Amino acid sequence: MTRIIGVVSGKGGVGKTTLVSNLGASLAKDGFNVAILDANLTGANLGLHYGLISYPISVHDVMKKNAALSDAVYKHPSGVDVVPASLSFEDILDTPPVNIGQEIKTTFADKDYVLIDAATGLDRETLNAIDMCDEFILVTHPELPTISDALRTKSIINKYEKKITGIVLNRVTKKDELKKDYIASFFKLPVLGVVPEDSSIRRSIEMKTPIVLHNPKHKVSLEMNRIASKISGKDTKIENITVWDQIFTTIFGKKKTK
Ligand code: ADP
Ligand code: MG
């Protein structure tokens, strides 16, 4: 069955689009059939990560019922099917968010994964993106204001009674004080990966190719691959924060070694 995974955050600019573009390519390299879709209608840029600058049909046309979803699919040589949103200001103004979840399920019935780049905030655009997904990855920086926004997003998803597979900490530096285990127990969610702050990400966006494709041995690429493996189950060592882990942490101040 196709897994439709929304990549969400509390704040914009934390790395959702970077994660969607790289995880899509990593999963495709692992042999999975993958589509990625830009549901950030007012801040579209997923296509740019794959070199799509001008394209005749976009998610906006699908939502306006001017085109079928299959017409908005652009095949990348990596094997990833990219569904970009429109960069045009007019399209942004005259396209209310529409739930195309059923069309996603039918059009991509042959896919293993559809990764959806969601909008940020609590407005209709974000809620519509959440509505279209079955499960989520929450992206955050390891700093308090971003985490508090991410907690709000977690609460919304909980209201929808949908599953959050885990958290990705992005743009992590050595100076960051909030550590992975603390954040995992705080959110009561597994941390799927810790992506370092690295200027190569910006370069890869300039090159219009996800870093996992043009520099596969880079530490960022290796971490993206590890996250993809955890999502697909290729890596079965997802750290599940159990009640016993939490009790152990409370009593002894550190995580029990298994
Ligand atoms: P979002 O989709 O959440 O708004 P983006 O993926 O567009 O975030 O990333 C926002 C900016 O941060 C981009 O300019 C990107 O180059 C940069 N960025 C993302 N992740 C990293 C990272 N790990 N290291 C350095 N820069 C990053
Ligand atoms: Mg984005």
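The structure before you is a predicted model, in which local features need pLDDT of at least 70 and side-chain atom pairs count only at pLDDT 80 or more, while totals for chains, interfaces and linings use all residues. Residues are numbered from 1 along each chain as its sequence is written, ligands are numbered from 1 in the order in which they are written, and side-chain values use heavy atoms, with hydrogens and water left out.

I begin with the contacts of ligand 1. A nitrogen atom of ligand 1 lies 2.9 Å from a backbone N or O atom of proline 196. On the side-chain part, an oxygen atom of the ligand is 2.9 Å from an N or O atom of lysine 16, and an oxygen atom is 2.8 Å from one of threonine 17. Ligand 1 taken alone exposes 560 Å², and the protein buries 85% of that; these accessible areas come from the Shrake-Rupley method with a 1.4 Å probe.

Which elements supply the shell around ligand 1? At least two residues each come from α1, β7, β8 (191–196) and α9, the helices (H or I, at least four residues) and strands (E, at least two) being DSSP runs numbered from the N terminus.

Let me close with the lining of the largest pocket. Here α9 gives the most, with four residues. Elements that each supply at least two residues of this lining are α1 (16–29), β7 (163–172) and α9 (199–206).

Key. A polar contact is a pair of N or O atoms within 3.5 Å; within protein, one must be able to donate a hydrogen and the other to accept it, and residues adjacent in sequence count only if both atoms are side-chain atoms.
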